[in-house]
Amino acid sequence: MELDKMLCEENATLLGVLYTINTNTKGTAFIVDQSKILLGVVTDGDVRRALLSGKQLDTKVSEVLQNHYVIGSLGDSYETLLSKTNSKIKILPIVDENKRVVDFFEYRTDITTPVSSPYLKGNELKYVTDAVLSTWISSTGKYIDQFEQEFATFSECDYGVAVSNGTVALHLALATLGIGEGDEVIIPDLTFAATINAVLHANATPVIVDVEKDSWCIDPLEIKKAITKNTKAIIPVHIYGQPCEMDSIMELANQHNLFVVEDCAEAHGATYKGRKVGSFGHIGCFSFFANKIITTGEGGMCVTNDAKQNLKLRQLRDHGMSKEKRYWHEEVGFNYRMTNLQAAIGVAQMEKVNEILDERMSIGSMYSSGLNGMNGFEMQKKLQDREKVVWLYSALIKDNKRDEVLKELKEQGYDARPFFYSLSEMEIYQDYAFSNKNSLEISSEGINLPTYVGISDDVIQNVSKHLERFIDK
Ligand SMILES: Cc1ncc(COP(=O)(O)O)c(C=O)c1O
């Protein structure tokens, strides 16, 4: 417990106080009796001044305690606590009515807890070193084949084509399917800009439709309304780890002869009716950016069950060059290749992918059990047939309080993120908007909380506590 590290018993020596301060790294110790009743607050500066005035390291701390110190009371609002801090007092004990220390308040402007952090504690370094020693550091090498095969198997697809990031995975998929000028591609309003940028870079026309209120994913009813004779494809985005309603989407696609490119950048391992996302459409696209469920630093993958698409993806990824005749180009292609170094990290990540997913799930459960049922807080829904994964823990903060909550967390040293803006809100994409009502609301209320393997229970509890205190206000 972080609080325990702040406490120092009244009969401690100055040396003992220094030990406490050294452990908590906060420059302050709260001096308490055996019942944790507060007797005083001592800073590293107080100890220094005491030593300079002739006290010894074995002097009892009780001899240097001063009467003047600042405390917070249980039930004080954030603003009250904040008003008690200044340039010198950045940390204060919070006491109950018996003056027992029950918590502490710390004013911090630095972000110490990131929203996300990659888990690289397996064989990542070993395999990257191996790749370096092998001298195969560009886009040929054993790790690329291995990563492609393992990730395709994980995604329940026959083929995997590794690329340099998730955005080009989407672009490559559209190019492979022949989507271009004059073609309309239906995408959700609530997504990262990469989804729409890929469509625009393919010279096709995006059609932005609204998302379902419950799942935050593209709404099949809105897709249906937006289909025209020019529609060529749908890009369902499994947003924030939540799978889209794939049966309805595939049914519409089949009825209207449309391609489906799944954007699975945030949903590795999520399932719909027991089947992995990425395996429903013609091509599934993943991102391995450092904040994603598994990472290769930068990186992405297209997965497919179609042997022909697999070959075309590979050819276009590699300048459109013939696989039989070197330097003979049959298509105007790209250089979208992944390096063996990135794939080496990917292979190490695949060794732990299920462990990572389980760990993220239990982080999600811990947040949910602390926050569930709180007024003004709506956690991401678990829907029938859809087994979501936890990418970043995502929730809605109602009553226009989202931005204040973000500010509060930031001030407490916790990085949290708002949801993506609705694409249709941004001037450069506005002309492509078809419908956006739910998306606008969700986007203005959504928050992502710190989520990464290795996050401590204390952080989750503290973040929840700050949220609770603030939302209940
Ligand atoms: C929904 C979505 N699509 C696509 C991407 C693009 O992935 P990358 O950052 O690897 O290009 C991202 C990731 O940031 C994303 O969140």
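## Basis and overall build

Helices (H or I, at least four residues) and strands (E, at least two) are DSSP runs, numbered from the N terminus. By this assignment, the protein chain contains 15 helices and 20 strands. The model is predicted: local features need pLDDT of at least 70, side-chain atom pairs count only at pLDDT 80 or more, and totals for chains, interfaces and linings use all residues. Residues are numbered from 1 along each chain as its sequence is written, and side-chain values use heavy atoms, with hydrogens and water left out.

The C-alpha trace of the protein chain spans about 85 × 55 × 40 Å along its principal axes. Of the contacts (heavy atoms within 4.5 Å) with a separation of 6 or more, 66% are between residues 24 or more positions apart.

## Burial

Of the 473 residues in the protein chain, 54% are buried; buried means under 20% relative accessible area, exposed over 50%, and partly exposed in between (1.4 Å probe, protein chains only).

## A negative patch

Glu355, Asp358, Glu359 and Asp457 form a patch of negative charge on the surface. Asp and Glu count as negative, while Lys and Arg count as positive, and His and the chain ends are not counted. Patch residues have over 30% relative accessible area and no salt bridge, and like charges are joined within 9 Å; a salt bridge is a side-chain nitrogen of Lys or Arg within 4 Å of a carboxyl oxygen of Asp or Glu.

Helix H12 (residues 353–371) supplies the largest share of this patch, three residues. Glutamate 355 lies in helix H12 and is partly exposed, with a relative accessible area of 48%.

Definitions and conventions
Patches are made of residues with over 30% relative accessible area and no salt bridge: like charges are joined within 9 Å, nonpolar side chains (Val, Leu, Ile, Met, Phe, Trp, Tyr) within 5 Å. Accessible areas come from the Shrake-Rupley method with a 1.4 Å probe; for residues, only the protein chains shown count as cover. The place of a charge is taken as NZ of Lys, CZ of Arg, CG of Asp or CD of Glu.
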